[in-house]
Amino acid sequence: MAAGLADGTELQKDTDMTDKTILDEVIDIEEFAKRGEPPPLAKAYRIRVNGEKFTVENAEPTGREILKIAGLTPPEDYTLRVKQAGDRPRKVDLDDTVDLRKPGVEKFKALPRDQTEG
């Protein structure tokens with residue numbers, strides 16, 4: 001879909017691909033949340049769990065996947081919460097997905113479950 005100019009420069013046909021172009025880089029979702037912008041589609045996303053940064057290749061990981069990536073295993077022993085800009089933290093169940101491309105997703109907090117919980 002590239003058109004060549006007389007000087008050999010190629011132009012991309014404008015088909016509103018701005019929202020669909022996948023960036024070949026790791027996007028820090030917290031930085032976009034602070035700016036109030038939705039993160040672009042990317043090869044991978046950098047998330048923060050309990051203050052530590054981790055890279056996630058899936059744009060919609062489950063709570064279980066996030067805990068495993070953060071080395072918090074078994075995931076059933078932890079409660080995960082997501083903090084979104086302007087909102088209170090909300091619980092993410094193990095099989096719930098979190099869309100990392102959604103505007104405002106900032107960071108995650110995982111706490112060990114009490115022995116009396118679930």
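Arginine 64 is partly exposed, with 24% relative accessible area; here buried stands for under 20%, exposed for over 50% and partly exposed for what lies in between (1.4 Å probe, protein chains only). Keep this residue in mind for the first exercise.

The model is predicted, so local features need pLDDT of at least 70 and side-chain atom pairs count only at pLDDT 80 or more, while totals for chains, interfaces and linings use all residues. Residues are numbered from 1 along each chain as its sequence is written, and side-chain values use heavy atoms, with hydrogens and water left out.

**Exercise 1.** Find the salt-bridge partner of arginine 64 and say where both residues lie.

*Solution.* Step 1: a salt bridge needs a side-chain nitrogen of Lys or Arg within 4 Å of a carboxyl oxygen of Asp or Glu. Arginine 64 meets this rule with aspartate 95, their closest N and O atoms being 3.3 Å apart.
Step 2: arginine 64 lies in helix α2 and aspartate 95 in the loop between β7 and β8, so the pair ties together parts 31 residues apart in sequence. Helices (H or I, at least four residues) and strands (E, at least two) are DSSP runs, numbered from the N terminus.
Step 3: aspartate 95 is exposed, at 61% relative accessible area.

**Exercise 2.** Work out which residues form a salt-bridge network with Arg101.

*Solution.* Step 1: arginine 101 meets glutamate 60 at 2.5 Å, N to O. This pair links distant parts of the chain, 41 residues apart: arginine 101 is in the loop between β7 (90–92) and β8 (105–112), and glutamate 60 is in the loop between β5 and α2.
Step 2: arginine 101 also forms a salt bridge with aspartate 99, where the closest N and O atoms are 3.1 Å apart.
Step 3: put together, Glu60, Asp99 and Arg101 make up the network.
Step 4: check accessibility. Arginine 101 is partly exposed at 25%, glutamate 60 is partly exposed at 36%, and aspartate 99 is partly exposed at 30%.

**Exercise 3.** Is threonine 62 buried or exposed, and what does it contact?

*Solution.* Step 1: threonine 62 sits in the loop between β5 and α2 (63–69).
Step 2: its relative accessibility is 18%, so threonine 62 counts as buried.
Step 3: contact means heavy atoms within 4.5 Å. Neighbours within four places in sequence aside, threonine 62 touches Leu94, Asp95, Asp96 and Thr97.
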